[in-house]
Structures are given as structure tokens and as C-alpha cells.
Amino acid sequence: GEKHKSVGSFFPQLVYKENSILNRSILKIAKCRDCRYALLCGGGCPNPVVAENGDAFQANCFNVKYEIEHLIPYLYNKKFNKVSR
């Protein structure tokens, strides 16, 4: 029911929006093109950015960068007992 989150319309004919999650890729998101994590995250989850401004071609980086840079190394070190407790 939220038009800014829709991928198109089906009545009176089937029409897809150009700026929708169906067409979203890291090649179309400016911030992702030069990001070293782009192939790992794919631009992040589009739902929060679409809900905020209706633009599916915005990156959602915060969680992915935090997890890659902090959480994954922490868990790796913890598994191999390299973290002081």
C-alpha cells in the first residue's frame, strides 16, 4: 500500500518503475561502484533507504561495514582463542 516502495503497477497495464529494487545493483549505486565490500554486501538491504527517501539506488552500508571490519574479526579471534577475556 506504500506507493514509494512499489516496483511498478499492474493496472491498466503492467509497468515497472526504473527506480525500484528490481533494477537495483551495485553498478547502479554510485557509492558501491568504488567500495571494496560491494561484492560482499550488494549495497545492503534496500528496505530502510527506500522507506526513508523512496530511492532504491542508495547504499545501506552501516551494518555491513561494521560486521566486516569489527564483528567478523572479533568472532574469528574468539574462536581461535586470540581474544583476551
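Where does phenylalanine 11 lie? Phenylalanine 11 is placed in the loop between strand 1 and strand 2 (15-16), where strands are DSSP runs of E with at least two residues, numbered from the N terminus. This is a predicted model, in which local features need pLDDT of at least 70 and side-chain atom pairs count only at pLDDT 80 or more, while totals for chains, interfaces and linings use all residues. Residues are numbered from 1 along each chain as its sequence is written, and side-chain values use heavy atoms, with hydrogens and water left out.

**Confidence**
- The protein chain has an average pLDDT (the predictor's confidence in each residue, from 0 to 100) of 86, and 96% of the residues score at least 70.

- Alanine 38 is in contact (heavy atoms within 4.5 Å) with Ile26, Cys32 and Gly43, once its neighbours within four places in sequence are left aside.

- Glycine 8, found in strand 1, is partly exposed, with a relative accessible area of 29%.
- Not counting residues up to four places away in sequence, glycine 8 touches Val15, Tyr16 and Lys17.
- Glycine 8 and leucine 22 are 14 residues apart in sequence and 9.6 Å apart in space, C-alpha to C-alpha.
- Phenylalanine 11 is exposed, at a relative accessible area of 68%.

Technical notes. Helix = DSSP H or I, 4+ residues; strand = E, 2+ residues; numbered from the N terminus. Buried < 20%, exposed > 50% of the residue type's maximum accessible area, 1.4 Å probe, protein only.
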